[in-house]
Amino acid sequence: MSQLRTPLAVYRILPGTNCGRCFLPSCLAFSAAVIRGDKRLEDCPPLQESGGAGQVADVRPKVRETELQEQISLLQARVSSLDLPLVAARVGGEWCNGRLRLQVLGKMYEVGPDGRVTSACHTHPGLVIPLLHYILEGREGELTGDWVAFRELKDGAAMNALFVQRGEAPLKQLADSQPEFFGDLVSIFSGRRADAHLDAEISLVLYPLPKLPVMICYWPPEDDLDSKLTLLFDSSADRRLGIRPIYSLAVGLAMMFEKIARRHL
Ligand code: SF4
């Protein structure tokens, strides 16, 4: 079995059809995502169907999973030293039966004194990591009701290209290929339809963290124009949380929604 070390090595074994079933715009984008550890070869359905994914040993995702678990363990250790009953009001949660309870995407999540996160819903690392950061570093403040792009947040411009590539682009691909995507966000994750923003055909607000709403604006393809998807944040978001956890939150949402969509396909 050969091992894959570079995007080109991954690309060579892919069908090369750019079909988008992996929720990325091209096989090349998928290759880069595999090397980063954001995707597994099994996430390419045509490759899986042809049995090609079993021909190579794909080591990066295992490394990536280990890294994420280590990151979670470190954050949990820091959370365990907090006075969680005191933290509850700051983060918009409540202290109940010895656990910190918070609404995440409309579902109840609980954080124990040891920092462990439990929920009857998905506890995807992409969501757990920003949630733990939010408990550790989140600051109080009122929402302004003004929506701004990621690049307009403090220090957002420097990370914007990565934000578009790993957050907005996979969500756009998902919205393009799954007509029920926005309906699912409303019904499964308590999304709220908002008034049309920036003339978007769909504007929808989610609460991935209690005081950190995200607005998804989507323009479907029209004539020769490609579709467009933009994530917006309340203009107070960067006063409440650092830019890196906000970035992780967007990428984590994209990863989690992709995973759910794959399971439903
Ligand atoms: S699913 Fe993605 S990687 Fe696989 S063939 Fe289609 S575009 Fe390429």
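Reader: Why does Gly20 count as buried?

Author: The model is a predicted one, and the answer rests on a computed area. Gly20 has 7% relative accessibility, and buried means under 20%, so Gly20 counts as buried.

Reader: Where is the place of Gly20, and how far is Gly20 from Leu204?

Author: Gly20 is in the loop between α1 and α2. In sequence, Gly20 and Leu204 are 184 residues apart; in space, their C-alpha atoms are 24 Å apart.

Reader: What is said of the phi of Phe23, and is Phe23 buried or exposed?

Author: Phe23 has a positive phi of about 70 degrees, although Phe23 is not a glycine. Phe23 lies in the loop between α1 (7–13) and α2 (27–36). The relative accessible area of Phe23 is 2%, and the cut-off for buried is under 20%, so Phe23 is buried.

Reader: What makes Asp199 exposed?

Author: Asp199 has a relative accessible area of 72%. Exposed means over 50%, and therefore Asp199 is called exposed. Asp199 is in the loop between β8 (192–193) and β9 (202–209). The phi of Asp199 is near 60 degrees, a positive value in a residue other than glycine.

Reader: Why is Asp83 called partly exposed?

Author: The relative accessible area of Asp83 is 43%. Buried means under 20% and exposed over 50%, with partly exposed in between; Asp83 is therefore partly exposed. Asp83 is found in the loop between α4 (60–79) and α5 (84–90). Asp83 and Val117 are 34 residues apart in sequence, and from C-alpha to C-alpha they are 16 Å apart in space.

Reader: What makes Leu105 count as buried, and which residues does Leu105 touch?

Author: Leu105 has 2% relative accessibility. As buried means under 20%, Leu105 counts as buried. The place of Leu105 is in the loop between β4 (99–104) and β5 (107–111). Leaving aside residues up to four places away in sequence, Leu105 touches Leu127, Ile188, Phe189, Ser190, Leu206, Tyr207, Pro208, Leu253 and Met256. Leu105 and Leu209 are 104 residues apart in sequence, with their C-alpha atoms 7.0 Å apart in space.

Reader: How do you know that α6 is largely enclosed by the rest of the structure?

Author: Of the 13 residues of α6, 11 are buried, so α6 is largely enclosed. Among the buried residues of α6 are Gly126, Leu127, Val128, Ile129 and Pro130. Leu127 is also one of the residues that Leu105 touches.

Reader: How does the reach of α6 compare with what is expected?

Author: Helix α6 (residues 125–137) reaches 18 Å from its first C-alpha to its last. This is close to the 18 Å expected at 1.5 Å a residue.

Reader: Where does Ser235 lie, and which residues does Ser235 touch?

Author: Ser235 lies in the loop between β11 (228–234) and α9 (237–240). Not counting residues up to four places away in sequence, Ser235 touches Thr144, Asp146, Val148 and Leu153. Ser235 and Leu143 are 92 residues apart in sequence and 7.7 Å apart in space, C-alpha to C-alpha.

Reader: How do you know that the radius of gyration of the protein chain agrees with that of a compact globule?

Author: With 265 residues, a compact globule would have a radius of gyration near 18 Å. The protein chain has 19 Å, which agrees. Along its principal axes, the C-alpha trace of the protein chain spans about 55 × 45 × 35 Å.

Reader: How many helices and strands are there in the protein chain, and what share of the residues is buried?

Author: The protein chain has 10 helices and 11 strands. Buried residues make up 48% of the 265 residues. Among contacts with a separation of 6 or more, 60% are between residues 24 or more positions apart.

Reader: What is the accessible surface of the protein chain?

Author: The accessible surface comes to about 12,800 Å², and 52% of this belongs to carbon and sulfur atoms. As for charges, the mean positions of the 30 positive and 32 negative charges are 6 Å apart.

Note on methods. Residues numbered from 1 in each chain as written. Predicted model: local features only at pLDDT ≥ 70, side-chain atom pairs only at ≥ 80, totals over all residues. Heavy atoms only, no water. Helix = DSSP H or I, 4+ residues; strand = E, 2+ residues; numbered from the N terminus. Rg over C-alpha atoms; globule rule 2.2 N^0.38 Å. Buried < 20%, exposed > 50% of the residue type's maximum accessible area, 1.4 Å probe, protein only. Contact = heavy atoms within 4.5 Å. Areas by Shrake-Rupley, 256 points an atom, 1.4 Å probe, with all protein chains shown as cover. Lys, Arg positive; Asp, Glu negative; His and termini not counted. Charge placed at Lys NZ, Arg CZ, Asp CG, Glu CD. Expected span 1.5 Å × (residues − 1).
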